Protein chains: 2
Amino acid sequence: MADEKKMVEAITSRDVDFAQWYTDVVKKAELTGYTSVKGCMVIKPAGYAIWENIRNELDRRFKETGVENVYLPMFIPESLLEKEKDHVEGFAPEVAWVTQGGLTPLQEKMCVRPTSETLFCDLYSKDIHSYRDLPRLYNQWCSVVRWEKTTRPFLRSREFLWQEGHTAHATAEEAAARTEQMLNVYADFCEEVLAIPVVRGRKTEKEKFAGAEATYTIEALMHDGKALQSGTSHNFGDGFAKAFGVQFTDRDNQVKYVHQTSWGMTTRMIGAIIMVHGDDSGLVLPPRIAPIQAVVIPIQMRKEGVLAEAEKLCRKLKDAGIRVKLDDTDKSPGWKFAEQEMRGFPMRIEMGPRDIASGTVVFVRRDTGEKTVVSVENIEDAVRNMLDEIQRNLFEKAKAFRDSHIYEADDYETFRRIADEQPGFIRAHWCGETSCEEKIKEDLAVTSRCIPLKGGEPEEGAVCVCCGKKAKYRVLWGKAY
Amino acid sequence: MADEKKMVEAITSRDVDFAQWYTDVVKKAELTGYTSVKGCMVIKPAGYAIWENIRNELDRRFKETGVENVYLPMFIPESLLEKEKDHVEGFAPEVAWVTQGGLTPLQEKMCVRPTSETLFCDLYSKDIHSYRDLPRLYNQWCSVVRWEKTTRPFLRSREFLWQEGHTAHATAEEAAARTEQMLNVYADFCEEVLAIPVVRGRKTEKEKFAGAEATYTIEALMHDGKALQSGTSHNFGDGFAKAFGVQFTDRDNQVKYVHQTSWGMTTRMIGAIIMVHGDDSGLVLPPRIAPIQAVVIPIQMRKEGVLAEAEKLCRKLKDAGIRVKLDDTDKSPGWKFAEQEMRGFPMRIEMGPRDIASGTVVFVRRDTGEKTVVSVENIEDAVRNMLDEIQRNLFEKAKAFRDSHIYEADDYETFRRIADEQPGFIRAHWCGETSCEEKIKEDLAVTSRCIPLKGGEPEEGAVCVCCGKKAKYRVLWGKAY
């Protein structure tokens, strides 16, 4: 029984070796699979189904704001990549180059897109003529390639899946508003659907996207106290428009440059779900994103009537729109329980002959392990309520954890001590100079995560934790994935 | 008014220059857009929304048969591509090679996947151990690259979107059954959803997929009499399994090779929709695949109450699950009518002050141009019935066209005359020898499209139309995209 053996082997404890725990969960929950393509990953059905749910829900939210989907080529000719100076400097060192097509060398080499600003600008420069053509609110779902040296499933791999939105607007104000709007779409999605609390903020000059005027980010805290940048929204102003000649004739008959934004979220969110909610029994999926929300496990399955009742229950729940699965395999109930836990199904419903006789079932929550005996009358509502409760609890738990891991550092020694000893976010004042940011990174191995949109202003009279000059911002720092 | 000008310019007549007509429709219906990446295409919102509907509906049908989605790397190391002899010979001349990652040359070059058999085999060889691990029914949605010399939007481009299913089974029978099952999924999808009649058949040895034991195909006839291969399903037997060492321990404790299949459908189906249903006014979308099924066009829109009534109607139809759009732009009604036609929305609903006074609206069908005055009572049912009727009519029309363009050739001179003068499918007997197939291709510029599953057996005593020897099959021939 290869499967059973796999499941029975304990996974590493989360608190003993977080990195190994992560690898174990990814493998044993069968989220990724083997490939001999170095640095890339195979996303298996259990992992891909989570991505499908992320995609569907985000896509719905995008479309509600007027966004339309498109598909652009995966290749970028070198000359196109080079048109925006900062952008090419940021990305050229980490792209994969195609130099041969069929049997002949290419006249101009092309990279596999690491991101598609240049291609969207290429399209917009031909497509946009008048203010009537604006705004353009395009998005694409695709994979991108960045030639990373060290990789980890979902968190950092040479190819990953994402969406990238690219918009063009008539005014700077509109572009700024869209940048903020999409940041909020990401933040709401993370909190409402993934049950992951996030801090909304702006990146410093040093940390912003190559070619952007301003980069906004949502930052989440993982269980090991490290930060994960979870979604970014960039305001390009008219920098790309000038580099690519994206102009339009405005209502006042003046020819102007458009103002652009881009924003993206990736498969690393699957990593975030694992690292925020998972525990020593495996994955824990928030109900709203879980491909399977409840698994029905018949007890004494071969006894007359048990399987039939379990099937009836499943149909009922399915008809009510609940994503339910019947586990009618020949494995033992204990094995099935362990599997439910490892794979992170939010709840299981146990149902044996005695339950059937008494018109009840047993609910077992994945998040707390709590068992409840529930009447089969109105079971749909009971399941729905339980799923809502689990969703709420996961968010509250993650938020309490996050909030209790935000530390304040008013002087460099405190900063150093916290950075060394207390994994989490650190709030500290900063003068705004890149030199201080670089010194902090070198000394303390933490980076500026963001200038929070709420609470990013300095306190009255505050000074930079590094140089002692007048503080400009109150920054959130941390070690990051 | 750049937009208005674009729409008013007539498109080339379908019967005057079919290729130019196709290009015009693709451009003016805004299905594709500009890119400077040679041989690739930009799929714009109107085109991508069709692909999303194709994907959603096919995906639903796949999942009903137990298929699960996964995602595999886009790169194939050269050594992996080379493992199956026929496969590498078929694909190596047309792949794009990545030779540099970041700033350093790769030790082993990798191609961008032209198809992923080799990657799935690589995964399966590590993932499958026991009969309990079978069947594996995986599919992925992605883009693939083939370095074509001449390209046309949707029909042939260096990168295109598709799905590729890859299954592994314990027995040859199961693999054969899955090959046929997926061919039928494709055929039913084409006929029921795209309103495109297809012939199900088997490819000859010469035309089959590189590395397959048998390739099955569905072939559709375009309006210019050329065939379009619309979906293929391959039975690999255990050829790939032997090349990649994909083995399992069966119930009888014997170690055996798996049997595999693969099957794919691509964005070229958007080309098929255009070329089967389109006319001199532009695109015609079958209702079941149309992103917008009905457009509501208010007449004398600025008159008191007209817009409000039109909005009310739209909400009503939306609530009934109909994909409806209100055109409340400042363009003239005539312009809006032309646009509905160009973009292929299946019907429009005109609504002016007089209609509102009499409690009616006007339906105008895209397929026939017919106008009907309809009461707003039960308008949801009326729209639904009209859409069903349009769907049915489009299929019937396409089928009648197809059936009237199948010709019989019992001797070579008739074959030559039909091939020269009568665009369409040609049914002709064949001995089964590749040499005859090659001669026919060279002489008459037609290729064997398939040996139809129904009607592919030879008639009693029939002889090969080329060499006069005993016929083995009755083949469908044609010019193809």
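Two residues are in contact if their C-beta atoms, placed from the backbone, lie within 7 Å. By that rule, the contact between the two chains takes 47 residues from chain A and 47 residues from chain B. This is a predicted model: local features need pLDDT of at least 70, side-chain atom pairs count only at pLDDT 80 or more, and totals for chains, interfaces and linings use all residues. Residues are numbered from 1 along each chain as its sequence is written, while chains are lettered from A and ligands numbered from 1 in the order in which they are written.

**Where the chains meet**

- Helices (H or I, at least four residues) and strands (E, at least two) are DSSP runs, numbered from the N terminus.
- Several elements of chain A each supply at least two residues of the side that touches chain B, including α1 (2-8), α3 (45-64) and β8 (159-169).
- β5(A) gives the most to that side, with six residues.
- By class, the side of chain A that touches chain B has 26 nonpolar, 11 polar and 10 charged residues. Ala, Val, Leu, Ile, Met, Phe, Trp, Tyr, Cys and Pro count as nonpolar, Asp, Glu, Lys and Arg as charged, and the others, Gly among them, as polar.
- Strands pair if DSSP finds at least two bridges between them. Five bridges join β5(A) to β5 (residues 96-101) of chain B, and the two run antiparallel.
- A:Ala96 has B:Gly101 as its bridge partner in β5(B).

**A sheet in chain B**

- Five strands form an open sheet with mixed pairing, in the order β16-β15-β17-β18-β19 (chain B).
- β16 (324-326) and β19 (371-375) of chain B stand at the edges, each with a single partner strand, so one side of each is left without a neighbour in the sheet.
- Three bridges join β15 (residues 294-298) of chain B to β16(B), and these strands run parallel.
- One of the paired residues is B:Ala294, whose bridge partner in β16(B) is B:Val324.
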